[in-house]
Amino acid sequence: MIATTLLFSASLFVITRAQQVGTYIPEVHPPLTWSKCTTSGGCVSQAGSVVIDANWRWLHAVNSETNCFTGNEWNAVVCPDPVTCAANCALDGADYSSLGITTSGDALKLQFQPSPNELPGARLYLLAPNNTYETFNPNNQEISFDVDISHVPCGVAASLYFVEMPADGGMAGYPSNKAGAAYGTGYCDSQCPRDLRFINGQANNIGYTASSAYDGTGEFGACCNEMDVWQANMISAAYTAHPCTNVGLVRCSSTTCTTNCDQAGCDFNSYRNGATSFYGNGQYATNTVDTTRVFTVVTQFITANGTATGQLTAIRRLYIQNGVTIQNSVTDVSGLKPYNSISGQYCTDQKVVFNDTNTFSTHGGLTTMGQSFNRGVVLTLSIDDDPYGTGMLWLDSDWPLNKSASAPGVARGTCPESSATLPVTEVLGVSDQVIFSNIKFGDIGSTYTGLPYSPPPSTSASTR
């Protein structure tokens, strides 16, 4: 981060009431090709690029190197209130390589590069050639991608997911936002994040409280529907639907940010669902999906009538590794019927057996998720940790901590509880990385090829 300039003058305060764009660092979006596929015409390569989220950018006073935000603190002189802060501050370009972000053809490498006083990890969006986010309508479609997750350890998650954020980054709805999608603005998700530095074109500095050396939370959050296609490390993986009652991005206050969306979601984690040896890096001799090697992830969004306008009824998963198609694992939990995909009935039954509150249903379930898909969602790719909160225990260890690990649904992977709080990823994480490649989107069955899967000889299931 560029150091704060000590000299400060009244000329920094501009008259316009807008979140500005800086000029010190050129914004050059790393190119990333991807493919649109149809069953009739095959796959056609698309010229795209990626853009990093605004939170990872240098935020400084207009025409000055004075920081508007340093470490975990707002500059109270430049940012006395949200509107003035938006007028006085500019988002600058990003040095992608220094952030551990590189592309080559259809491959995107994200390196986890922690720093004591800067936001670690990265969150990026697929950008269209016109500098708006590429939007997708997943109903009756599938998405596939290759992933090398062999260097993503306990406590870190690599993710590929859809969110219903504005395609232009919020510029049209909030003219005070002059940066837009080209500078990674407008993010929202089902957790209604309150750590966003700008929401709807205004600074989120009211009631701001630091939560780490490089981050904090403001009074407001940004809520929207979220479909986690892939959240994983080398130990565990999950895909999760998170419906919200609101349409598009809605700003919430601290008192409502926990109720707008289904924050728990309806998830399918093979380990949590009893298939403990299905996915992993060799902790079992017969891991069906071997995370030490590259594999393809396919996610299909099934509708009731087999059309893009039909109601979303199921979300299916399969894998391809070494040219062989691997069907998703089947649930193996006492009291839970055998399921291998997310459906309304699966979500209801899983919540009962796991003794979880069914907030998925109260927020509209797959029906709401499908409606969000019809409106259009943005593809997001990230690598992150959370050493100051609950870590990734919800993904790869025992969660929640106030329940016995032997209770149904608590054990989600073999990672130790200490992976949530020990700063191992903050200290040693420079080698942690994920490579996403060969992203394809299109008709069901059009994005992949693979031979039928032959399971290995039967062995007794391992349990924790």
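**View 1. A three-stranded open sheet holds strands S1, S7 and S4.** The 3 strands of this open sheet follow the order S1-S7-S4, and their pairing is mixed. Strand S1 (20-21) and strand S4 (59-61) stand at the edges, each with a single partner strand, so one side of each lacks a neighbour in the sheet. Strands here are DSSP runs of E with at least two residues, helices are runs of H or I with at least four, and both are numbered from the N terminus. Two strands count as paired if DSSP finds at least two bridges between them. S4 and strand S7 (residues 89-91) run antiparallel and are joined by 3 bridges. In one of these pairings, His 60 stands opposite Ala 90 in S7.

The model is predicted: local features need pLDDT of at least 70, side-chain atom pairs count only at pLDDT 80 or more, and totals for chains, interfaces and linings use all residues. Residues are numbered from 1 along each chain as its sequence is written, and side-chain values use heavy atoms, with hydrogens and water left out.

View 2. Buried means under 20% relative accessible area, exposed means over 50%, and partly exposed lies in between (1.4 Å probe, protein chains only). In a regular strand, side chains alternate between the two faces of the sheet. In S10, both faces are covered. Ala 122, Leu 124 and Leu 126 are buried on one side. Arg 123, Tyr 125 and Leu 127 are buried on the other.

View 3. Strands of a sheet pair through backbone hydrogen bonds, either parallel or antiparallel. Strand S3 (residues 42-52) pairs with S10 in the antiparallel sense, over 4 bridges. Look for Val 50, which stands opposite Leu 126 in S10. Strand S29 (residues 377-385) also runs antiparallel to S10, joined to S10 by 4 bridges. Here Ile 383 in S29 is the bridge partner of Ala 122.

**View 4. His 363 sits in a loop between two helices.** The loop lies between helix H3 (359-362) and helix H4 (365-375). His 363 counts as buried because its relative accessibility is 10%. Its side chain reaches the backbone oxygen of Thr 259 at 2.9 Å. This is a polar contact: a pair of N or O atoms within 3.5 Å, where within protein one must be able to donate a hydrogen and the other to accept it, and residues adjacent in sequence count only if both atoms are side-chain atoms. Leaving out residues up to four places away in sequence, His 363 touches several others, including Pro 243, Cys 244, Asn 260 and Thr 368. Contact means heavy atoms within 4.5 Å.

View 5. Side chains of opposite charge can pair when their charged atoms come close. A salt bridge is a side-chain nitrogen of Lys or Arg within 4 Å of a carboxyl oxygen of Asp or Glu. The whole structure has 7 salt bridges. In this one, Arg 57 and Glu 27 meet at 2.8 Å, N to O. The pair links distant parts of the chain, 30 residues apart: Arg 57 is in the loop between S3 and S4, and Glu 27 is in the loop between S1 and strand S2 (31-38). Arg 57 counts as buried at 1% relative accessibility. Glu 27 counts as buried at 17%.

View 6. The members are Asp 267, Arg 272, Asp 356 and Lys 403. Asp 356 and Arg 272 meet at 2.9 Å, N to O. They link parts of the chain 84 residues apart. Lys 403 also forms a salt bridge with Asp 356, with the closest N and O atoms 3.9 Å apart. This pair is 47 residues apart. Arg 272 is buried, with a relative accessible area of 6%. Asp 356 is partly exposed at 25%, and Lys 403 is partly exposed at 31%.

View 7. The loop runs between strand S13 (156-163) and strand S14 (198-199). Apart from neighbours within four places in sequence, the contacts of Met 165 include Tyr 125, Tyr 133, Cys 188 and Val 378.
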